[in-house]
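This report goes through one protein model for a reader who has not seen it before. It takes up a helix, a pocket, the annotated spans and a loop in turn.

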Amino acid sequence: MSPVVHAAKLGVVRGWIEFKQMLKSPQDFGFNIVMTVIFLIVLYFQRDRMIEGTDMALAMFVLPSLLGMLVVFGGFMGAATTLTFEREDGTLLRAKATPNGMVSYLISRIISVTTYSLLSVIMLLVPGLFLIQGLADTPWTGWLMLIIIFIIGILATLPWGAVIGSVVKSTSSSFNLTMLPIGGLTAISGIFNPITSLPDWLQIIAQIFPVYWLGLGMRAALLPEAAVLAEIGESWRYLEMFGVLGIWAIAGFLIVPRLLRRMARKESGSTMEKRKQEMMSRGY
């Protein structure tokens, strides 16, 4: 067996083990449960509120949008914070010191981030099937579309999270550089209300980033065809959707390997010790 293939298999095993460890972590899994409960409470109060000019409940519109947002949070923030934290605690340095260790490390990150993002989507979607009338009637083509959007969403966001994680110096900086922009983009990307209710210039900005297109893709998968009337141009715009997400994915995977190699070259025992001293001086 090729050493690279063997390292990739080890990465898959390691990623799966880390996913199971996250499920046993009260801090990691507890945060996921709290956020899911908050989203379900919002959906509960929106289930009888209709979108103006339609007979569709606002909750029916918001749930698919939230699923798209969860994919962004999982892919972008999950990769950024994990990479930064493991650079600080020396995991990355240990991976660099072993044969094909970086290959194994990257595969494990992809597996753990993807499985955890999938779990977040399932945790919100399954209760939503019982809470929102009509959602369970989604045809099989809709579920297939949801799976495709999830996969391309992870591909479009995970490498950019790795880019952030490879250039910032601390976990707190990584969190701030991902949480704040995503929070702002969520507000203007039609996640909680149709984007057509926003000014035209905000609509243009939102359409540059994956948050809007992932929300649109999830809505195209799960909502009835009549719901398209609330979208820009009264169309799901599949060509633009896959085009924009594809560009983000391709650009990300072209850039991130170079940044990771550069980051790995800079890692050494002395830099890790210096980082540890800085953390101690900050009090954490």
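The model is a predicted one. The buried residues in question are Ala7, Gly11, Gly15, Glu18 and Phe19. Seen down the axis of α1, they fall within an arc of 115°, so they line one face of the helix. Helix α1 itself covers residues 3–23, which is 21 residues. From its first C-alpha to its last, α1 reaches 31 Å, close to the 30 Å expected at 1.5 Å a residue.

Helices α1, α3 and α5 also take part in the largest pocket, where each of them supplies at least two residues of the lining, as do α2 (26–46) and α7 (171–188). Which helix gives the most to this lining? It is α3, with eleven residues. The lining consists of 35 residues, and those nearest the centre of the pocket are Asp28, Gly78, Thr81, Thr82 and Tyr116. The space in the largest pocket amounts to about 1400 Å³.

The UniProt record, an unreviewed entry, lists "domain: ABC transmembrane type-2" at residues 27–263. The record also places the feature "transmembrane region" at residues 29–45, 57–85, 105–131, 143–168, 174–192, 204–222 and 242–260.

| Span | Distance between end C-alpha atoms | Helix | Strand |
|---|---|---|---|
| Residues 27–263 | 28 Å | 76% helix | 0% strand |
| Residues 57–85 | 41 Å | 97% helix | 0% strand |
| Residues 242–260 | 26 Å | 100% helix | 0% strand |

Two residues in a loop remain to be described. Glutamate 234 is in the loop between α9 (210–222) and α10 (238–266), and arginine 237 is placed in the loop between α9 and α10. The phi of glutamate 234 is near 50°, a positive value in a residue other than glycine. Arginine 237 has a positive phi of about 50°, although it is not a glycine. Arginine 237 has a relative accessible area of 15% and is buried, since buried means under 20%.

Terms used: Residues are numbered from 1 along each chain as its sequence is written. This is a predicted model: local features need pLDDT of at least 70, side-chain atom pairs count only at pLDDT 80 or more; totals for chains, interfaces and linings use all residues. Side-chain values use heavy atoms; hydrogens and water are left out. UniProt positions are given in the numbering used here, feature names are shortened, and annotations may be inferred rather than shown by experiment. Helices (H or I, at least four residues) and strands (E, at least two) are DSSP runs, numbered from the N terminus. The expected span of a helix is 1.5 Å times one less than its number of residues. Buried means under 20% relative accessible area, exposed over 50%, partly exposed in between (1.4 Å probe, protein chains only). The arc is that of the directions from the helix axis to the C-beta atoms. On a 1 Å grid over the protein atoms alone, a cavity is a set of points where a 1.4 Å probe fits but cannot get out, and a pocket is an open set with protein on both sides within 12 Å along at least five of seven lines; lining residues have an atom within 4 Å of a point. Grid points are joined across faces, edges and corners, and a volume is the space filled by probe spheres set on the points.
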